[in-house]
Amino acid sequence: MTSAPTPAELVAQKALMVRLETLRLSRIAGAGHYSGTFSAAELLAALYYRQLRLDPANPRWPERDRFILSKGHAAIGLYPILADLGYFDASLLDSYTRLGSPFGDHPDMRKIPGIDFSSGSLGHGLSIGLGMALAGRVSRRDYRVYVMVGDGELAEGQVWEAAMAAGHFGAGRLVCLVDRNRLGIDGPTEDVMAAEPIEARFAAFGWSCQRIDGHDVDAVLGAFEALGDADYAPPQLIVADTVKGRGVARMENDVNWHVGNLGPEDYEDVRRELIEGASRGH
Amino acid sequence: MATERPSREAGLDQSEVFRGDLRAKESESGVTRRSIPAFVAGEELADLADHDGRVVVLTADLASANRLNDFAARHPERFFNMGIAEKNMISVAAGLASTGLVPFVGTFASFAALLGYEQVRTDCAYPGMAVRVLAHHSGMSLGYYGSSHHALEDLAAMRAVADLTVACASDANQLRAMLRASIDLPGALYLRLGRGRDPEVYERVPEDFRFGAATRLRDGRDVTIVTTGSEVHPSLAAAELLATRGLSVGVIDMATIKPLDVEAVRDAQTCGVVVTVEEHSVIGGLGGAVAETLCDLRSSAALLRHGVPDQYVEIGPPAALYAHYRLDPPGITEVVLTFVSSLG
């Protein structure tokens with residue numbers, strides 16, 4: 001009899017599921033945002049299996065924590081989690097990106113239970129999250145709002161409008177997670193449009209900041225445990241240093257895999273590589 | 001964004017920019033009673049919020065200009081001044097709305113519609129959020145502030161957005177009715193307002209107002225003017241002038257641009273001549289909507305779309321601009337007469 005997985009083991013297992021499902025769904029679509037999803041896999045798994053206050057049977061539960069995937073192109077990694085948690089039947093994912101499917105490359109809250117807000121146009125999510133956090137204040141609810149942004153997304157001016165406003169209002173229950181995978185579409189963020197110093201920039205707007213290894217599950221869970229839960233407090237930033245394409249050697253740190261498509265033979269190779277890597281604790 | 005905002009100048013205290021406004025002079029002489037649409041929103045929303053916990057209000061450093069500070073004074077916990085950051089404000093409102101609140105967002109129409117267009121479309125309309133954008137000082141009502149502060153494209157832009165209601169208030173009473181009706185309106189609303197000095201069209205709050213339904217304000221056999229917002233009052237005045245010239249002119253207040261009241265257009269075209277009048281580009285606004293509908297109806301009625309030509313307008317005080325672009329009563333009168341005579 002095997003013992004129940006530890007929290008870190010559970011998150012790692014679910015992160016593998018995210019990666020494998022990303023492979024599978026990309027094959028249906030004929031292309032996929034592999035690498036920016038792989039960089040976020042541990043973060044997404046840690047959020048949904050250890051951190052968010054949720055009731056999958058009641059997706060609109062007013063007291064739930066909210067999650068906004070502002071880097072909406074990683075939705076391919078979020079859908080399998082929602083299916084796994086029971087928000088909808090997993091077989092529905094087989095329609096991914098096909099005509100009439102609820103599941104597109106970017107998430108649509110009107111079509112998918114468990115999506116707290118539609119996303120896709122970068123730079124909007126932190127503002128939406130701030131609105132949700134202020135709504136919690138107005139409605140006297142103590143939920144938290146988590147927003148995951150990409151590092152390239154930090155070039156969007158609206159992010160900083162939101163960061164400034166969140167600091168101004170003391171939206172302490174707003175948590176911004178930066179998937180710091182260092183690559184945009186055209187190259188390293190520091191070449192295309194420098195994102196650093198990320199914490200200093202947010203801190204200047206009144207945020208409290210942590211920086212962690214986004215693939216170290218213990219570190220991710222530790223950062224979550226360190227979050228404060230008070231309103232009228234600094235909003236909270238977690239910069240997660242990650243590797244774009246994490247888990248697949250040919251994709252890691254290769255800008256060409258922002259959007260890509262694996263051929264049939266490569267598919268099995270990569271699938272094996274992910275499973276073997278996970279079994280080695282990578 | 002480093003635009004200098006005339007927040008004080010656009011408010012109650014600074015009359016310099018409006019000193020040449022003929023409409024204001026009309027009212028001072030007692031010809032019309034002054035009413036101030038943009039300025040009743042704060043008070044009306046505060047009244048609504050007394051009984052409805054869903055109402056929240058946001059503005060972008062314009063609470064004194066649009067008098068949303070009347071709301072802030074009574075419901076400070078439900079008021080958010082977001083600073084000069086309109087895109088963030090509209091998206092924040094969408095986040096608020098996602099929890100079931102009904103946010104009203106007030107700023108100049110040029111910034112609400114043009115700067116915030118994607119936020120209105122992607123964060124409000126597309127996900128079906130009950131955000132109400134109060135786009136005040138629309139058209140060229142900011143006069144000599146110039147084209148940066150004019151919104152003459154907003155109806156065309158907003159009309160193309162699916163699942164967005166688009167409406168124009170013609171006076172304070174209609175605005176109150178619209179605000180009340182908006183509380184339970186599904187989805188997002190773009191509500192276009194004047195600059196807060198529009199003369200009274202409706203003697204009392206039209207309690208039967210509903211979005212999507214036009215109001216026939218005047219019957220006429222020869223021509224029907226279909227108008228909206230700030231041009232309703234001058235169109236009525238023009239109809240009076242045209243009567244003295246022997247033309248019987250009806251006037252329809254097409255307060256909702258989208259969804260358009262098709263039956264009202266059908267009614268308008270029965271007299272054979274339709275003139276649309278709007279403080280907006282002749283492209284894509286009310287005139288465009290009516291033209292499309294007449295086409296759909298296979299109407300043989302003659303249509304003239306009267307508005308601002310496809311150009312950036314001259315510098316000038318609002319009243320001078322309305323006269324220059326023939327959007328004041330004498331101008332509308334002249335435009336209609338010329339059109340009718342051209343029909344032979």
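In chain B, seven strands form an open sheet of mixed pairing in the order β2-β1-β3-β4-β6-β5-β10, where strands are DSSP runs (E, at least two residues; helices are H or I, at least four) numbered from the N terminus, and two strands pair if DSSP finds at least two bridges between them. The model is predicted, with local features needing pLDDT of at least 70 and side-chain atom pairs counting only at pLDDT 80 or more, while totals for chains, interfaces and linings use all residues. Residues are numbered from 1 along each chain as its sequence is written, and chains are lettered from A in the order in which they are written.

**Sheet of chain B**
- The edge strands, each pairing on one side only, are β2 (79-81) and β10 (256-258) of chain B.
- Strand β1 (residues 55-59) of chain B pairs with β2(B) in the parallel sense over three bridges, and L58(B) stands opposite F80(B) in β2(B).

**Strand β1 of chain A**
- β1(A) pairs with strand β2 (residues 145-150) of chain A in the parallel sense over four bridges, and V145(A) in β2(A) is the bridge partner of R66(A).
- From β1 (residues 66-69) of chain A, R66(A) and I68(A) point one way and F67(A) and L69(A) the other, all of them buried (20 or more other C-beta atoms within 10 Å of the residue's own, with C-beta atoms placed from the backbone).

**Interface**
- 21 residues of chain A are in contact with 25 residues of chain B (C-beta atoms, placed from the backbone, within 7 Å).
- On the side of chain A that touches chain B, α5 (125-139) and α6 (157-169) of chain A each supply at least two residues, and α5(A) gives the most, with 10 residues.

Technical notes:
Contact = placed C-beta atoms within 7 Å. Buried ≥ 20, exposed ≤ 12 C-beta atoms within 10 Å, placed from the backbone.
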